[in-house]
Amino acid sequence: MTLASSLQALSITLTHCAKTWPDGSRALEPLNLEVRAGETLALLGPSGCGKTTLLRMICGLEKTDAGGTIRFGSDDVTRTAPEARGVGVVFQGYALFPNMNVAQNIGYGLKIRGVDSVTRHRRVTEMLELVELEALAERRIDQLSGGQRQRVALARAIAIEPRVLLLDEPLTALDARLRQQLRVDLSALLKKLGITCVIVTHDQEEAMMLGDRVAVMSAGRLEQLGNPEMLYRQPASNFVADFLGTLCHLRGGPVKHHHGVDSLTFRPHEVQLQAPGHGLAASIRARFYLGSHVRFELVLDDGQPFTALAGPDAPWQPGDSVSITLNQTHAA
C-alpha cells in the first residue's frame, strides 16, 4: 500500500467558532462549518475577510474564542497544540530550506518526528513519485521552477501522513500560465490522495476548479456554502454573485418595455449582441480581444453601463450601435 492510498480522510467540524483580537476587533464572526471527509473545501473571499484566520484556527496557530469547538472526526482538537493535530500545511511562500535538496526537504518533517532512515527513504521515494519529481531528488531548491517548488512543498506536507491538508494561497506567487496548469495538476493530486483538504484563495477560478465545495466569506462572515455551479447559478446575495464573476444590473423604462420587469440581473455570457433594432439599444464603449472570446463594455441609451461576452469573431468596434437580448432573463 502506498502512502497516498493509506491516508485516512477525516471530517473537520467547527462549531460556533469566532476570533476576536486583543483590541476588541472581530476577525471572524461566530460560524458553523463542516468539511466532509475526503473533500476539498475552498475558502474564497477578498483580503481581510477572515479566511486565513479560519485556516490558522483549524491548524491551531490561532485559538477560537471561548465557546467554539473544532473537531477532526470525533476528536476535539480545540485546545490541542498545532504539532499534535497531525496537519499538513503549505503556506504562500512554501518555506523550503535552501540548504537542503529536494529529497531532504520532503523528508524533513519525517526526520524531526524521529522516523527511522529506512522508512523515511521509502516515504520520500513515494512522495517524489506522487508529485513526479523523481529525477530532481538531488537538485537544490534554487535550481527549481516555481511549479516544482510548489510540488516539493506539497510533498513535504503530505509525507508526514497528515490527518488533514491545509493550503494557504499556494499558487499566488506563480505567473498566470503556470497557475492555470498547476490548478489542473493539484486538482488531480488531491483527488488521487482522497485527503480532507481546506484551501484558502482569493481567486474565483481557482476556488471553482479546486473546491468540491466553496465557502464564500466577507467581513468575517460565511456568506454562502455550496458546490461551484450552485454558487454561480444561485448566489445568495449580490456580494456572492459579484465575487463569483461579473454581475450586470439594468433597470428602467427600456427594460420594462422589452422584458416586462422593472429590473434585470444577468451574467455577461447571457447577452446576445445583434444589429440595431432587435432589442435594448446600446453602444459599444470598449472592446477587449481575449483569444477565446471578446469582452465588450457597453452602455444603454439612458447611460447604464454593463458588460457582454461574445465569440472571438464578433465584429463590433467601439462607437458601434447594437441591440441586446438575453439568453435568460432574471428579475432583480
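Predicted model: local features only at pLDDT ≥ 70, side-chain atom pairs only at ≥ 80, totals over all residues.
1. The largest pocket holds about 530 Å³ of space. Its lining is made of 21 residues, and those closest to the centre are V87, G88, V89, R113 and I160. If you want to find the pocket by elements, look for β6 (87-90), α3 (102-112) and α5 (146-159), which each give two or more residues to the lining.

2. What kinds of residues line the largest pocket? Sorted by class, 15 are nonpolar, three are polar and three are charged.

3. Now follow α3 to its contact with helix α4, which covers residues 117-130. The axes of α3 and α4 lie 9 Å apart, and the helices pack at an angle of about 130 degrees. Angles over 145 degrees would count as roughly antiparallel and those from 65 to 115 as roughly perpendicular, so α3 and α4 are oblique to each other. Their crossing is right-handed.

4. Which residues of α3 and α4 meet? On the α3 side you will find V102, A103, I106, G107, L110 and K111, while α4 brings R120, R123, V124, M127 and L128. By class, this contact of α3 with α4 has seven nonpolar residues, one polar and three charged.

5. Helix α3 also packs against α5, and here the axes come within 7 Å and cross at roughly 30 degrees. Angles under 35 degrees count as roughly parallel, so that is the name for the arrangement of α3 and α5. The crossing of α3 and α5 is right-handed. From α3, the contact uses V102, N105, I106 and L110; from α5, it uses V152, A155, R156 and A159. Six of these residues are nonpolar, one is polar and one is charged.

6. Finally, turn to α5 and helix α6, the latter spanning residues 176-193. How do the axes of α5 and α6 lie? They come within 11 Å and cross at roughly 20 degrees, which makes α5 roughly parallel to α6. The crossing of α5 and α6 is right-handed.

7. The contact of α5 with α6 has seven nonpolar and three polar residues, with no charged ones.

Conventions: Residues numbered from 1 in each chain as written. Heavy atoms only, no water. 1 Å grid on protein atoms, 1.4 Å probe; cavity = no way out; pocket = protein on both sides within 12 Å on 5 of 7 lines; lining within 4 Å. Points joined across faces, edges and corners; volume = space filled by probe spheres on them. Helix = DSSP H or I, 4+ residues; strand = E, 2+ residues; numbered from the N terminus. Nonpolar A, V, L, I, M, F, W, Y, C, P; charged D, E, K, R; others polar. Axes fitted to C-alpha atoms, helices over the stretch in contact; angles between N-to-C directions. Left-handed = near helix turned anticlockwise from the far one by under 90°. Contact = heavy atoms within 4.5 Å.
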